[in-house]
Amino acid sequence: MSLLQIDQLSVRFGATMALDSLSLAIAAGETLALVGESGSGKSTAALAIAGLLSHQATVTGTIRFDGQALTDWRGVRQGGIAMVFQDAMSALNPVHRIGAQVVEALRLPRAEQRVAAARFLDQVGLPQPERLVDAYPHELSGGMRQRVGIAIAVAQNPRLLIADEPTTALDVTIQAQILALLRDLKARLGLSLLLVTHDLGVVAETADRVAVLYAGCLMELAPAAALFTSPHHPYTQGLLEARPPFGTQAPMLAELVEIPGQLPRLDPPPAGCRFAARCDRADQRCRAEQPVLRPIADTLVACHHA
Amino acid sequence: MPEPLLRLQGVKKSYPSPAGPVQAVRGVDLTLEAGERLALVGESGCGKSSLARLILRLADVDAGEIWFEGVNIIQMSDRALRPFRPRLQMVFQDPVAALNPRRTVFQAIEDPLRVHQRPDRAATVARLLAEVGLEAGLGQRYPHELSGGQKQRVGLARALALDPALLIADEPVSALDVSVRAQVINLLGAACRNRGLSLLFIGHDLAVVRHLADRIAVMHLGEIVELAPRARFWTGAAHPYAQALLAAVPATTPAEAAAKTPFVLQGDLPSAVAPPAGCSFHTRCPHAEPRCRTIPPPIVQLAADHWARCHLLTPGAGTPSLGSGGPAP
């Protein structure tokens, strides 16, 4: 049975359709990457799962965690689900010491707090954890702050860790450290990981399965290896081809392959396939009828032409 | 030998901070030829953006010389500098912050032309809009009505308006969505090719750098630690820090990720207030020896156009045997 099961989840903010009928599941111990650009709905989906949607959001559909339906879209998820944010500086309270923030949600007796905080800081690979519990966020580097953000999440003993662009604000050298830490924690604690990202390199390094979102719709859901070797959706193909090649054997191109046009507005979203305006295969049907997900091998694809 | 378009010699700059002076740029020598595309890479805080600001005279150097088109622009008054300003232009990382929200696209691109009293401004703006792939009708729009990619096109049109010789682009595509990034990279490449423009590209995405740059300068804690042409850098980066940066680039496919030897640089960039003695990279270098902790490393010439600052390299030896970027056994 899946640890997390999302069925027909839609989220609106007024006239804006941020997420349109998302259905997917995450198995225990699995890393699922939610890939998309701005406005794809990837963060909206993550916030709905974490119970952090704003009051403006109108939600339909269901999310089941460990068999239990989550009904509150704006309440702290007790037990089981924790989240790591993109910007660790604004996720941390600047006037509270690191240690207090790590164990804040645990309601421990005062005497046990320091030791517990130091233990969680140690778990995420921070040096001298006994000293760090007394530090303030501004005394730490960006990479260290993100480790503290992960320690706060780990302290809640989660079974599902949601990481929303956890390395986007970091340098590549530090990104490599944080990705290694997430992989290590997942293996050590048996976590499921929902990784929200726009970066296909991060996906290649970490994901077991990949869900590609575009303008609020799930376009393709595939095992990571299959997605990179044989993408079916024209949008996925475009994303992979538009990357500058890298590696000692990679070719030098005169020009990069472009995806023409720009992201559509979602207030309201265009009729038919959301990607039709930018797709070279689009025809009359694509502009009128929204494609539904259908299986091709071990992949699900929402495209009339795939 | 003819004077290059841009020549930096011993450029230094520090900024005051409560903890003491932050040594942002610690003695940079660099040249850029006309039509050349040079990339400056390194972690945040390494001084690459500070260096760009010094070249544009948005800040004044503490020491050193900056020669542009054969003239040392360091001592020049603002008035004397004015004829040079159009020749040096910049594209910023955040296209939202770079545009005035109350000026239309047309006005934003026209402003530099007006300031420098150029004739036929409307025609020039129309030509620039076409060059960056924007419809003429967009001229009447305001920045908030544009997408991120369109805003960055406006930023580029504005930078090209005065027909510069050198374009400095500081992370110009980092804030853009993946699907429009390639468009802007192609546009930047085309502008350089078609106009014979020199480009100083500041970026942390090495795949983009590999695509755009003829030469690569790796910066660490205010110093250039390696300088190499594209043909040598991507296969034979010599400095351990350059190798670490290359190793940190995420794999392009899961298969590649599984095949690659995991190598993660430990620790953070050291403080620029108190840079480590000796080699500034020794605190993180997997190959560091005792001398690296005390003696500043020499510049080692690996080929005529390729050098690195490292004790462990041998002149003329080409690519060193430091291993493939992994830690020493």
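Which residue forms a salt bridge with B:Arg284? Select B:Arg284 and B:Glu43: these two are the partners, and their closest N and O atoms are 2.7 Å apart. B:Arg284 sits in the loop between helix 11 and strand 11 (299-303) of chain B, while B:Glu43 sits in the loop between strand 3 (37-41) and helix 1 of chain B, so the pair ties together parts that are 241 residues apart in sequence. Over all chains, the count by this rule comes to 27 salt bridges. Keep in mind throughout that this is a predicted model.

**Stop 1: a sheet in chain B**

Strands of a sheet pair through backbone hydrogen bonds, in either a parallel or an antiparallel way. Look at strand 1 (residues 6-15) of chain B with this in mind. Five bridges join strand 1 to strand 4 (residues 63-68) of chain B, and the two run antiparallel. Eight bridges join strand 1 to strand 2 of chain B, again in the antiparallel sense.

Which residues stand opposite B:Arg7 in strand 4 and in strand 2 of chain B? In strand 4, the residue opposite B:Arg7 is B:Trp67; in strand 2, the residue opposite B:Arg7 is B:Thr31. Then select B:Leu8, whose bridge partner in strand 4 of chain B is B:Ile66.

Follow the chain from strand 1 to strand 2 of chain B. These strands form a hairpin with six residues between them. In the turn, select B:Gly20, which has a positive phi of about 125°.

**Stop 2: where the chains touch**

In contact here are 39 residues of chain B and 43 residues of chain A. The two chains bury about 3600 Å² between them, 56% of it on carbon and sulfur atoms.

How many salt bridges does the rule find across the interface of chain B and chain A? It finds two. To see a salt bridge between the chains, select A:Glu255 and B:Arg193, whose side chains meet at 3.4 Å, N to O. Between chain B and chain A, 20 residue pairs are in polar contact, with both residues at pLDDT 80 or more.

Next, show the helices of chain B on this side. Helix 7 (178-195), helix 8 (206-212), helix 9 (230-236), helix 10 (240-248) and helix 11 (254-259) of chain B each give two or more residues to the side that touches chain A. Helix 7 of chain B gives the most, with nine residues. By class, this side of chain B has 18 nonpolar, 13 polar and eight charged residues.

**Stop 3: a sheet in chain A**

An open sheet of eight strands in chain A has the order 6-7-8-3-9-10-12-11, with mixed pairing. Its edge strands are strand 6 (81-84) and strand 11 (294-296) of chain A, and each pairs on one side only. On average, neighbouring strands of this sheet are turned by 20° against each other, direction ignored.

Select strand 10 (residues 217-223) and strand 12 (residues 299-301) of chain A, which pair in the antiparallel sense over two bridges. Here A:Glu220 stands opposite A:Val301 in strand 12 of chain A. Then move to helix 6 (residues 142-155) of chain A, which lies across strand 6 and strand 7 (160-164) of chain A. Helix 6 runs at about 170° to strand 6 of chain A.

**Stop 4: two backbone details**

Select A:Gln8 in strand 1 (residues 4-13) of chain A. A:Gln8 is not a glycine, yet it has a positive phi of about 50°.

Finish at A:Pro268, in the loop between helix 10 (234-241) and helix 11 (284-288) of chain A. The peptide bond from A:Asp267 to A:Pro268 is cis, with omega near 5°.

Note on methods
Residues are numbered from 1 along each chain as its sequence is written. Chains are lettered from A and ligands numbered from 1 in the order in which they are written. This is a predicted model: local features need pLDDT of at least 70, side-chain atom pairs count only at pLDDT 80 or more; totals for chains, interfaces and linings use all residues. Side-chain values use heavy atoms; hydrogens and water are left out. Two strands pair if DSSP finds at least two bridges between them. Helices (H or I, at least four residues) and strands (E, at least two) are DSSP runs, numbered from the N terminus. Contact means heavy atoms within 4.5 Å. Buried area is the accessible area (1.4 Å probe) that two parts lose on being put together, summed over both. A salt bridge is a side-chain nitrogen of Lys or Arg within 4 Å of a carboxyl oxygen of Asp or Glu. A polar contact is a pair of N or O atoms within 3.5 Å; within protein, one must be able to donate a hydrogen and the other to accept it, and residues adjacent in sequence count only if both atoms are side-chain atoms. Ala, Val, Leu, Ile, Met, Phe, Trp, Tyr, Cys and Pro count as nonpolar, Asp, Glu, Lys and Arg as charged, and the others, Gly among them, as polar. Axes are lines fitted to C-alpha atoms, for helices over the stretch in contact, and angles run from 0 to 180 degrees between N-to-C directions.
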